[in-house]
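Visitor: Could you walk me through this structure, please? I am new to reading such models.

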Amino acid sequence: MSAFRPRIIDPAASAQLAAELGVHPVTAQVLVGRGLTEADRARAFLRADTAALHDPGLLRDLDRAVERIDNAIRDGERIAIYGDYDVDGVSGTAVLTKTLRAAGADVVPYIPHRVRDGYGLSGDALRTLGEQGCRLIVTVDNGITRADEIAQAQAAGLDIVVTDHHEPGDTLPDCPVVNPKRKDATYPFPGLAGCGVAFKVACALADRRGGAFHETFQELIPDLLAIVALGTVADVVPLIDENRVLVRGGLKTLAGTRHAGLRALLRVSRCDGKQLNTTDIGFRIGPRINAAGRLDSAHLALDVILCEDPEEADELARRLDAGNRERQKIERRHAEEAYQRAEARLENDDDAAVVLADPEWHPGVIGIVAARVAERFGRPAALIAIAGDEGKGSARSHGGVCLHEALAACSEHLRTHGGHALAAGFTLQPDSIDAFRTSFVEAIASQEGGGPAVREVDAELPLDAIHRSLGREIAQLRPFGAGNAEPLFCAFGVRVAGRPKRVGPDQQHLVFYAAGERSSWRAVAFKQADKEELLKGPIDIAFSLRPRDDKEGLELHVREIQPAG
């Protein structure tokens, strides 16, 4: 039996949608499989235009938040934008900093230090900002679960506005809280990233101030959208609804931006002069932004995005790139250690999740390593870096498991925890790690989808049914990412024409021609050179369709190879 199977959908619904939209039956199958069974909804999804954006005013407390920010600008108060050290937090901080500076505000952007300040709002950092003359603190991508720290800051004379997208606790902070995930939310889409919430605040501020500033803000929107696209893709929120609109528009404007900092970021990421996609953000641009906050201070990444001087921007971007190379070295070393320990543990106990801890691991890279472990072993992973009397953990999901729910079930063993379904962080005492491991594995196993699963693909696609028009239709479903994964197809009984080649570093990739009865297609199987022996006979493959470098043809990007049948 193959390790993948086509998704089961209603064939009548698929046939009807194909007829109404005039699309290939396989395209219709993909749309129906994603819940887009009605022609009007499917058309709106494919268009992804600004009509799909929701009124910011539907966000609870937005009017109170914008009023307080507007008054601070009018009265000349110093405003701190308190972000987070990941791409989402940095991007959202840049959005509000650029917007408020354009409005003439006295703005101090602040990104916490991962090791010194920890995750989320830091009481010490808030006191420091107050000593620097800040009277209003606007959070970005954090603050929703820090009611105590906020109350202490308010007692010291600070005003706080929270903008966040993480899951709220039982008690909201006693201040304006703009978060589409509030339990009393009236906003129609809860999936915005932190930078998306910040963008909504910026739009509402422009509407409130009106006049000349509204016109100035309209000129800012292209670059703001580009920045929002960075944070939205990197934070792995679902690319559906208005996130799809924001990212599609942001990718276009990012590719053509003239902003010095963004251009320098594109150059150092080797993305300059090309049509951008979510993969470029996820694997080239985003990691460079993240690297700054993982190993040192994310203020460097923020400085790059905000920089308007080309020479300075290039120098900052080079420093960012050097930090990313160092991050890669550390990550590779930690990953190999984690793989070996996970394999040894799973040999004796086939747990539904992997939990590993080490005092030598760097807390800034364990999130990336956790994602790699989750992907390799087909189950959620939580890695913990131990420093003194505290363990800092990072967890990544797999198979539809909700990490926020799983960590809540383990809260008796944790000091703090936060995040969302796909990615989360936590802290705990080192002597609680064993108890946490047991509890976390049980919590994951209790959820549907816990543990290894058969890969489900969008549709069966015989090789003889592939043609360029289908490739163009599939491309209309972009941008791909969480909630709107790149369509994955399968073909059975495939023959290999000619001799396969090993390519790439250490010859770890395979290139071959996959043949049907009447056609053959170039196929690339990344990091699957160990499957070369299977190509001597008929095979079953799971693959995506990608344009070739010449943009005239298509090729198959093979995700999985199995012996036929």
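Guide: Two strands pair if DSSP finds at least two bridges between them. Helices (H or I, at least four residues) and strands (E, at least two) are DSSP runs, numbered from the N terminus. This is a predicted model, in which local features need pLDDT of at least 70 and side-chain atom pairs count only at pLDDT 80 or more, while totals for chains, interfaces and linings use all residues. Residues are numbered from 1 along each chain as its sequence is written, and side-chain values use heavy atoms, with hydrogens and water left out.

Visitor: In which sense do S7 and S8 pair?

Guide: S7 and S8 (residues 381-387) pair in the parallel sense, over 5 bridges. Val 355 stands opposite Ala 382 in S8.

Visitor: What is the order of the strands in the open sheet?

Guide: The order is S7-S8-S9-S11-S10, 5 strands with mixed pairing. S7 (354-358) and S10 are the edge strands, each pairing on one side only.

Visitor: Which helix packs on the sheet?

Guide: Helix H14 (residues 310-348) does, touching S7 and S8. The direction of H14 makes about 130 degrees with that of S7. Such angles run from 0 to 180 degrees between N-to-C directions, and axes are lines fitted to C-alpha atoms, for helices over the stretch in contact.

Visitor: And what joins S10 to S11?

Guide: A hairpin joins S10 to S11 through 3 residues. S10 (residues 416-419) and S11 (residues 423-428) pair in the antiparallel sense over 4 bridges, and the bridge partner of His 417 is Phe 426 in S11.

Visitor: Changing topic: at what angle do the axes of H9 and H10 cross?

Guide: The axes of H9 (residues 211-234) and H10 (residues 241-255) cross at roughly 120 degrees and come within 7 Å. H9 and H10 are therefore oblique to each other; angles under 35 degrees count as roughly parallel, over 145 as roughly antiparallel, 65 to 115 as roughly perpendicular and the rest as oblique.

Visitor: Which residues meet there?

Guide: Among them are Pro 222, Leu 225 and Val 233 in H9, and Asn 243, Leu 246 and Leu 254 in H10. Contact means heavy atoms within 4.5 Å.

Visitor: Last one: is H11 mostly covered or uncovered?

Guide: H11 (residues 260-268) is mostly covered, with 8 of its 9 residues buried, that is, under 20% relative accessible area with a 1.4 Å probe, protein chains only. The buried residues include Leu 262 and Arg 263. Just after H11, Arg 270 takes a positive phi of about 60 degrees.

Key. Buried means under 20% relative accessible area, exposed over 50%, partly exposed in between (1.4 Å probe, protein chains only).
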